[in-house]
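I opened this entry to keep track of what I looked up, beginning with the interface and then turning to backbone geometry.

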Amino acid sequence: MAIIERPVSLEVQPLIVVAPATPSSAMGAVKRPVVTKGWRQWVFTVDHKKLGLMYMATAMFFFLVGGIEAVLIRLQLALPDGKILNADLYNQMFTMHATTMVFLFVMPMAAGFANYFIPLQIGARDVAFPRINAFGFWALLFGGLFINLSWFLGGAADGGWFMYAPNSGPIFSPSHGVDFWTFGLQIAGIASLTGAINLIVTVLNMRAPGMKLMRMPIFTWMILVVQFLLAFAVPVITVALFLLSFQRNFGATFFDVAAGADPLLWQHLFWIFGHPEVYILILPSFGIISEVLPVFSRKPLFGYPFVVFSGAAIGFVGWGVWAHHMFASGLGPVSVAVFSISTMAIAVPTGVKIVNWTLTLWGGKLWFTTAMKFSIGLIVLFTIGGLSGVTHAVAPSDTQQTDTYYIVAHFHYVLFGGAVLGLFSGFYYWWPKMFGKMLNEKLGTWNFWFMVVGMNLTFGPMHILGLQGQPRRMYQWTENRAGEGFFNLGFWNLIASIGSLVLVVGVFLFLVNIYITARNGKVAPLDPWGARSLEWMTSNPPKEHNFDSIPTVHHLDEFFHRKYAEDANGQMQQVATAEQVLKQLEDNADAHIHMPSPSYWPIILAFGLPVTCLGLIYSIPLAIFGGLIILMGTFGWALEPSTAPDSDFDPPSSGDTSKDVVHVG
Amino acid sequence: MWFTLDNLATAHDTHEGAAHSSTGLSNVKLGMWLFLGTECLLFGGLISTYMLYRGRVGTGPRPSQVFDIPFTSVSSFVLLMSSLTMVLAVSAAHKRDDRSTNLWLVITALLGTTFVGGQVYEFTAFYNEGMGFSTSLFSSSFFVLTGFHGVHVTVGIIMLLALRGMLKNNKVPGSRSETVEMIGLYWHFVDIVWIIIFTLIYLIPA
């Protein structure tokens, strides 16, 4: 752990957490930041909780951006001969909608939850590499802004989020949009990669004493699987993006059929990344609802080891199914058969999870909070999406469905019905933990129903549209080819567009809920839900150092087992309140906890990346300048110790306001 | 690539934690191994691309027309020897022998520079023989694969020299021997990748 713990003196003294007081430059090139107030406490922070919140705020911003893009798409298709977008702008819109939602909303939102809750769930005080954590956030933010910069500099990328060759070449996509997209994703990819390494090391290495792997909360487990997927999937798309950049900027012909290239190379590289990516998007939500369902069913998770191992199984098999995205490309019967079978096989561990969740509910004392509603919503809607997914595994049927709205319906059921509902469940469940206030449950219920009804109205009709043959990425439809009666495309397109507006209301209600909760929300009790895992064994919001003393773990669901014990009849009886459990930790508090110190370098280093990429697109001197920023950042970083030296932490004296002193217990 | 340099920085993020980590490995070492794991996938993608395209020379020169196998064998040998000197540097660092550590680090960097110099010479020769970056699919994928490797070696050289300077001025925060060891891990990885690349590109005829 990146913490210096001084020996505890024998007489009882208040716990003191101090920020470094002296901005010494013992090692570094410049003096490190010490201010713990105002904007600087956010910009230079290395605290996993602050970074988690910054990840979430960024992701929420991009969720709204991607949502606006989605609504424009649906408005365009609501009526025949849509005039809101022209064909070119429509291409940019669906490309950026998908890119934003996948890379800039779901992934960073999951990263936000992971950052915030992994150290708390495993009983650690921070992640393994706090500065790399800060760097990852800034790289993600700058990468996301960089991609979206293209809207103002000649148009965004327009090749679809999979950016198939040769459509992504300079002939078919002459604007700089694809270049911005390529470089922006590289930057976001670096963020994912550093984040993945950081979180894997954190989970494997920094668990509290007694926290064996099979005592870890499911959310931690699922995030661990996701980080492994990221660590090995991201480098593959990095290669693909480099090849595409070299083709667009330096005259290489990697995907140019006329030059004898094989355009399927792109598809293989993209989907070797892209299919694990699907699990990267969904597994965090699986983890969240595996936390929520037991808490609100008042039962332990049914078959914990099965949920763990099925998650790991998804992680492994997820590498062997990528070519089911390519059934229509003429791979040959053997490949198609193999990937068909592996695709059907991966439905099994997913089904195992659904059965486990359902049996967790079975016989439980269900408490229908908003978080619980979202979790149950996930089970139902994800299952629908999963079933339509199994129909894709049947290659002949998939050949018929390829590039139709049926596919759009499928992946929105798994991604919206699955990933997004899971994340919303996480908001309602963990909001009191993060902010110390309860989100309004009544408004939450409206939020839930608008989103569920809206999503079914939007994406449900797309099954019909797709099976009737409406192609994806079609920017207009005409009345005289829309068909008649029940299968009239116009009717279902209109329903889908209305549904998207209902969804907008749902998301808007969530924002309203945040606002009124921040204004005058109910202050959260210490343990509002009767939770089971370690992150609830600290104050709301958690202290800067998370735990006054690191708990020793004896059980899966440690917090629950500290509150409840079996009586003579084998019934669980409450033996302690949450407050008493917390008091016990506070009484054994470590004195003088020195947390990792803030640093200028992560944001400087991350800022060098978009500057360099902008230079690569427009002018080489700018790229060199960006490279110098990166070099400077790296060396400044390398010379600076992660935790300020002991001499920088003065014993606090009265009247000195430069110190952030926390008195506990 | 700069990320690898960043690992130099991470080397002292958490040295205090090594004693009581859950796996017994220090955070830095575990992180470095994971990073090298991701690098395997990066080179895996590049090597696959090369293997797919190595026969597609178009109107450009064929591999056998441009490759100078004795020359590249010698520079490969130099690179492999640098792994030996790197081991000696790590060993000296563990014995807290600063003088030898510095010496072996510099020799490793010099051997690496010789290799990169050989690569620059080779690239120039190929270019003069009519094999530019965009001449054919073979040439593009060749230059991308060997170029990425060359950049990795270059980053390694920068890390070695920076580390040497930091050691000399006593500016390494954290464990000195572990920092040397981490850069050693990276250096050996880059060498091993070259063995694979050299075999696939130069020794197995297309």
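How much area is buried between chain B and chain A, and what percentage of it do carbon and sulfur atoms give? Working from a predicted model, I noted about 4200 Å² buried between the two chains, with 73% of that area coming from carbon and sulfur atoms. I then looked up the contacts and found that 50 residues of chain B touch 53 residues of chain A.

For polar interactions across this interface, I recorded 8 residue pairs in polar contact, both residues being at pLDDT 80 or more, while the rule finds 0 salt bridges between chain B and chain A. On the side of chain B that touches chain A, α1 (2-10), α2 (27-53) and α6 (137-168) of chain B each supply at least two residues, and the largest share, 15 residues, belongs to α2(B). Sorted by class, that side of chain B holds 25 nonpolar, 20 polar and 5 charged residues.

I next went through the backbone of chain A. A cis peptide bond links A:A165 to A:P166, with omega about 0 degrees, and A:P166 sits in the loop between α4 (130-149) and α5 (177-205) of chain A. Another cis peptide bond links A:N540 to A:P541, with omega about -15 degrees, and A:P541 is in the loop between β3 (522-523) and α15 (558-563) of chain A.

I also checked phi: A:D81, which is not a glycine, has a positive value of about 55 degrees, and it lies in the loop between α2 (48-78) and α3 (87-122) of chain A. A:D81 counts as partly exposed because its relative accessibility is 34%.

Technical notes: Residues are numbered from 1 along each chain as its sequence is written. Chains are lettered from A and ligands numbered from 1 in the order in which they are written. This is a predicted model: local features need pLDDT of at least 70, side-chain atom pairs count only at pLDDT 80 or more; totals for chains, interfaces and linings use all residues. Side-chain values use heavy atoms; hydrogens and water are left out. Contact means heavy atoms within 4.5 Å. Buried area is the accessible area (1.4 Å probe) that two parts lose on being put together, summed over both. A salt bridge is a side-chain nitrogen of Lys or Arg within 4 Å of a carboxyl oxygen of Asp or Glu. A polar contact is a pair of N or O atoms within 3.5 Å; within protein, one must be able to donate a hydrogen and the other to accept it, and residues adjacent in sequence count only if both atoms are side-chain atoms. Helices (H or I, at least four residues) and strands (E, at least two) are DSSP runs, numbered from the N terminus. Ala, Val, Leu, Ile, Met, Phe, Trp, Tyr, Cys and Pro count as nonpolar, Asp, Glu, Lys and Arg as charged, and the others, Gly among them, as polar. Buried means under 20% relative accessible area, exposed over 50%, partly exposed in between (1.4 Å probe, protein chains only).
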